[in-house]
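I wanted to know how pairs of helices pack in this model. Two packed helices are described by the angle between their axes and the distance between the axes.

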Amino acid sequence: MPTISKKGQLMPQSPIRKLVPFAEQAVKEGKSIYYLNIGQPDIKTPDIALQAVKDSNIEVLAYSRSEGSEIYRQKISAYYKKHDIHVSHNDIIVTTGGSEALLFAFGSIMDVDDEIIIPEPFYANYNGFSTASGVNVVPVISKIEDNFALPPIEEFEKLITPKTKAILICNPGNPTGYLYSKEEIQKLAAIVKKHDLFLIADEVYREFAYDGNTHYSVMQEAGLDEYAIMIDSVSKRYSMCGARIGCLVSKNKSVIQTALKFAQARLSPPTLAQIASEAALETPQSYFDDVIEEYVDRRNILISELQKIDGVKVAKPKGAFYCIAELPVKNSDDFAQWLLEDFDVDGETVMVAPAGGFYSTPGVGLNQIRIAYVLKKESLIKAVNVLKEALKVYKD
């Protein structure tokens with residue numbers, strides 16, 4: 001009988017999506033679910049983006065260039081300039097979501113059995129991308145007690161070996177909401193230059209920085225032209241997850257030339273979605289001001305309500321729209337499944353993402369969950385109440 005590849009067997013399930021069958025069954029049984037498991041914003045997509053697709057007069061939906069439309073890349077370059085990021089359109093490759101940009105980056109700079117250092121907890125699919133690329137994740141653990149701040153640089157240096165090729169961060173962070181300071185970026189810059197490594201920064205949540213904090217990009221740091229690779233996407237910025245448009249950005253010409261070969265192998269990014277994404281760049285600042293105000297309110301309510309529950313520990317996010325909560329349970333996978341299968345409050349229950357899948361260190365984060373505060377404030381209050389009542393009766 002034919003067998004599945006070892007790589008396929010090792011590919012991890014998504015902690016964000018693996019409970020979907022249980023949620024679907026719960027809905028069939030008449031339950032209403034508050035979906036806190038996935039970063040799908042409920043914010044309306046800008047009309048200008050949707051209208052651009054409706055108004056397009058395309059008669060043949062053709063391939064675009066493998067690196068993406070030149071006009072779109074020029075407009076992305078202009079957008080970055082407004083954020084003090086100075087890159088040419090030739091430094092940009094448009095991808096099918098930020099996910100493909102990460103896969104292109106991994107493929108361009110690492111060989112099988114090379115190593116990449118990632119502060120954990122981290123976006124769960126980094127595990128999947130690494131497995132698909134034959135690359136080994138070397139985690140450096142950040143802790144909820146420290147609000148998931150960057151671990152001391154000494155912790156990174158202890159992990160560097162001849163196989164180490166890169167450090168990867170998500171800024172602001174998924175799943176922690178942690179926002180790296182300029183000083184922390186500079187510390188990382190010093191270490192990658194010292195050890196001749198790449199610094200990959202997943203910056204898809206750039207706009208979502210709170211409490212007067214500002215986002216500092218790796219592309220703003222002087223002296224990193226040959227070291228920095230930025231990953232970006234329209235998914236969260238414009239609430240356009242279904243467009244599947246992202247990009248890889250680097251001033252390192254060898255990286256871009258190599259990534260372009262991967263881009264050519266998959267032909268091109270989606271044409272209609274690029275039209276929508278290009279139009280979205282004209283979204284007024286007032287849209288983001290309103291969105292950020294809404295997310296700050298949601299965050300504050302969520303954290304406040306969680307802190308009222310005995311035995312729950314939660315870190316306060318500085319950006320993005322996620323937080324990690326530590327629960328008085330032994331295994332959040334079991335708890336999350338139980339919520340969907342066996343528990344409700346007046347017909348309502350909650351779907352969360354078990355946080356163990358956001359670590360690569362075995363046994364870490366088993367009593368944690370990731371919450372995406374992408375629901376209206378009233379729904380968040382009700383959802384946390386369901387969690388509170390569930391914890392009162394749940395037995396490990």
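I first looked up helix H3 (residues 47–55) and helix H10 (residues 271–280), which pack at about 140° with their axes 7 Å apart. The model is predicted: local features need pLDDT of at least 70, side-chain atom pairs count only at pLDDT 80 or more, and totals for chains, interfaces and linings use all residues. Residues are numbered from 1 along each chain as its sequence is written, and side-chain values use heavy atoms, with hydrogens and water left out.

My note on terms: helices are DSSP runs (H or I, at least four residues), numbered from the N terminus. Axes are lines fitted to C-alpha atoms over the stretch in contact, and angles run from 0 to 180 degrees between N-to-C directions.

H3 and H10 are therefore oblique to each other (under 35 degrees is roughly parallel, over 145 roughly antiparallel, 65 to 115 roughly perpendicular, the rest oblique). Their crossing is right-handed (the near helix is turned clockwise from the far one by less than a right angle). I listed the contacts (heavy atoms within 4.5 Å): Ile48, Ala49, Ala52 and Val53 of H3 meet Leu272, Ile275, Ala276, Ala279 and Ala280 of H10. By class, that contact has nine nonpolar, no polar and no charged residues (Ala, Val, Leu, Ile, Met, Phe, Trp, Tyr, Cys and Pro are nonpolar; Asp, Glu, Lys and Arg charged; the others, Gly among them, polar).

I then turned to helix H5 (residues 97–109) and helix H9 (residues 253–265), which pack at about 120°, axes 9 Å apart. H5 and H9 are therefore oblique, and they cross in a right-handed sense. Phe104, Gly107, Ser108 and Ile109 of H5 touch Val255, Thr258, Ala259, Phe262 and Ala263 of H9.

Technical notes: Helices (H or I, at least four residues) and strands (E, at least two) are DSSP runs, numbered from the N terminus.
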